Amino acid sequence: MAMRVKISITDRQRILDHAAASRAEVCGLLLGGVGRIAAVEGCANVSREPATRFELDPAALIAAWRAARKGGSSVIGHYHSHPTGDMCPSRTDAREAAADGAVWIIVGAGQLAAWRAVEHGALHGRFDPVELVVTAE
Ligand SMILES: [Zn+2]
């Protein structure tokens, strides 16, 4: 059975709006706890090829880790967009993903899909699908 992760309708929309505002790939952090996204935080895509790649701004990551240590929400994963509309992780995504259990949300064509980076994943040997449960709050 697929792992389930809850996301609020507001955070879901925030990710969609971020992706819709750019022709390049956008990215951001997913904050929360086990099975729950409590907040999303867009950050800069610092890749040198932002049209087809993403790289989370390391400063944003460090700031989020620091905030988590002070009692804030943990960084449970991240999101990025595929301007091509494909909601599946690419082979490049798989190559660059650590099998650390992080939640990956991918935006394509105005929709979201969620994945988890694991060893021996069903897709590209790295990702298992995650069921996103959209909640009112
Ligand atoms: Zn990708």
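User: What should I know before I start?
Analyst: This model is predicted, so local features need pLDDT of at least 70, side-chain atom pairs count only at pLDDT 80 or more, and totals for chains, interfaces and linings use all residues. Residues are numbered from 1 along each chain as its sequence is written, and side-chain values use heavy atoms, with hydrogens and water left out.

User: Which atoms coordinate the zinc ion?
Analyst: Look for donors: N, O and S atoms within 2.8 Å of the metal (3.2 Å for Na, K and Ca); water is not among the atoms, so sites may look incomplete. Here the zinc ion is held by His80 (NE2), His82 (NE2), Asp93 (OD) and Asp93 (OD), at 2.0 to 2.6 Å. Along the chain, these donors follow the spacing H-x1-H-x10-D. His82 sits in the loop between strand S4 (74–81) and helix H3 (91–96), while Asp93 is in helix H3, 11 residues apart. Helices (H or I, at least four residues) and strands (E, at least two) are DSSP runs, numbered from the N terminus.

User: What is the geometry of the site of the zinc ion?
Analyst: Four donors are tetrahedral if all angles lie between 85 and 135 degrees; four are square planar and six octahedral if opposite donors are over 155 degrees apart and all others between 65 and 115; anything else is irregular. The angles among the 4 donor atoms here run from 55 to 158°, and the site is irregular.

User: Is His82 buried or exposed?
Analyst: Buried means under 20% relative accessible area, exposed over 50%, partly exposed in between (1.4 Å probe, protein chains only). His82 counts as buried because its relative accessibility is 8%. Asp93 is buried too, at 5%.

User: How many aromatic pairs are there?
Analyst: Rings of Phe, Tyr and Trp (its six-membered ring) pair if their centres lie within 6.5 Å; planes under 30 degrees apart are stacked, over 60 edge-to-face, and the rest tilted. The count is 2 aromatic pairs. In one, Phe54 and Trp104 have ring centres 5.9 Å apart and planes at 85°, so the pair is edge-to-face. Phe54 lies in the loop between strand S3 (36–43) and helix H2 (58–69), and Trp104 in strand S5 (residues 103–108), 50 residues apart. Trp104 and Phe127 also pair edge-to-face, at 5.0 Å centre to centre and 75° between the planes. Phe127 belongs to strand S7 (residues 125–135), 23 residues from Trp104. Phe127 is buried, at 0% relative accessibility.

User: Which residues lie nearest the centre of the largest pocket?
Analyst: On a 1 Å grid over the protein atoms alone, a pocket is an open set of points where a 1.4 Å probe fits, with protein on both sides within 12 Å along at least five of seven lines; lining residues have an atom within 4 Å of a point. Nearest the centre of the largest pocket are Phe54, Leu56, His78, Glu96 and Trp104, from a lining of 21 residues. S4 gives the largest share, 4 residues.

User: Which residues are closest to the centre of the second largest pocket?
Analyst: They are Glu25, Thr52, Arg53, His82 and Ser90, of the 14 residues that line the second largest pocket. The zinc ligand His82 is one of them.
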